[in-house]
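This report goes through the arrangement of strands and helices in one protein model. The sequence and structure come first, followed by the description.

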Amino acid sequence: MNRFILIISFVFLLLVSCTIVATTNRPKIESNVVIGKVANLSDVSRIITLTQVDNMFLPGEITVFEGETIKFVIKNKGNKKHEFLIGSKADLKKSAKMRRMFPDLNQSESGLIQLEPGEQKELVWQFTNVGVVDFACPLPGHFKKMRGKIFVEKK
Ligand SMILES: [Cu+2]
């Protein structure tokens with residue numbers, strides 16, 4: 001009888017540990033990242049300056065709060081043309097791929113900023129949801145290094 005209980009509990013433990021392994025190995029789903037939207041200048045609570053050099057963003061990491069509307073001032077201090085695009089990692093990858101495949105096609109994602117060397121432009125953006133939002137310059141040859149992260153924290 002004791003032996004029976006021992007076997008049963010062993011099988012039970014084995015099942016439990018298998019379930020734990022199965023749930024922790026599950027890949028993270030990134031498809032439902034809510035990145036926010038282009039917003040009005042009248043709602044701006046903070047100005048954040050982002051400098052572009054060849055080829056990276058300074059700073060590369062930013063922290064904002066849920067619901068906050070930021071005016072990004074983007075300065076291209078490099079010698080090349082650059083872009084600034086906010087998106088989910090998957091969307092930014094798609095944008096970079098489109099530019100590689102069709103370099104002469106004019107892209108027009110929502111909130112896209114295109115800057116010639118020395119130029120400065122602004123984007124007003126509201127971060128509606130907690131999470132991590134990515135930004136990048138999706139131009140060919142830039143995308144690998146020219147990326148950053150915006151951590152949207154709970155208010
Ligand atoms: Cu660039």
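Strands are DSSP runs of E with at least two residues, helices are runs of H or I with at least four residues, and both are numbered from the N terminus. Two strands count as paired if DSSP finds at least two bridges between them. The model is a predicted one, in which local features need pLDDT of at least 70 and side-chain atom pairs count only at pLDDT 80 or more, while totals for chains, interfaces and linings use all residues. Residue numbers start from 1 along each chain as its sequence is written.

Another open sheet of five strands has the order β4-β10-β9-β6-β7, also with mixed pairing. Here β4 (61-65) and β7 (113-115) stand at the edges with a single partner strand each, so one side of each has no neighbour in the sheet. From one strand to the next, the twist averages 20°. Axes are lines fitted to C-alpha atoms, for helices over the stretch in contact, and angles run from 0 to 180 degrees between N-to-C directions.

| Pair | Bridges | Residues facing each other |
|---|---|---|
| β1 and β8 (residues 120-126) | two | Lys-37 and Gln-126 |
| β6 (residues 82-87) and β9 (residues 131-136) | three | Leu-85 and Ala-136 |

Helix α2 (residues 89-101) lies across β6 and β9 and runs at about 145° to β6.

Which residues have the most contacts inside the largest nonpolar core? They are Leu-85, Ile-86, Val-133, Phe-135, Ala-136, Cys-137 and Phe-143, in a core of 23 residues. Such a core is a set of buried Ala, Val, Leu, Ile, Met, Phe, Trp, Tyr and Cys residues joined through C-beta atoms within 7 Å. At least two of its residues come from each of β5 (69-76), β6, α2, β9 and β10 (147-153).

Leaving aside neighbours within four places in sequence, Leu-85 is in contact (C-beta atoms, placed from the backbone, within 7 Å) with residues including Leu-92, Phe-135 and Ala-136.

Overall, the protein has two helices and 10 strands. Of its 155 residues, 23% are buried (20 or more other C-beta atoms within 10 Å of a residue's own). Among contacts with a separation of 6 or more, 79% join residues 24 or more positions apart.

Terms used:
Contact = placed C-beta atoms within 7 Å. Buried ≥ 20, exposed ≤ 12 C-beta atoms within 10 Å, placed from the backbone.
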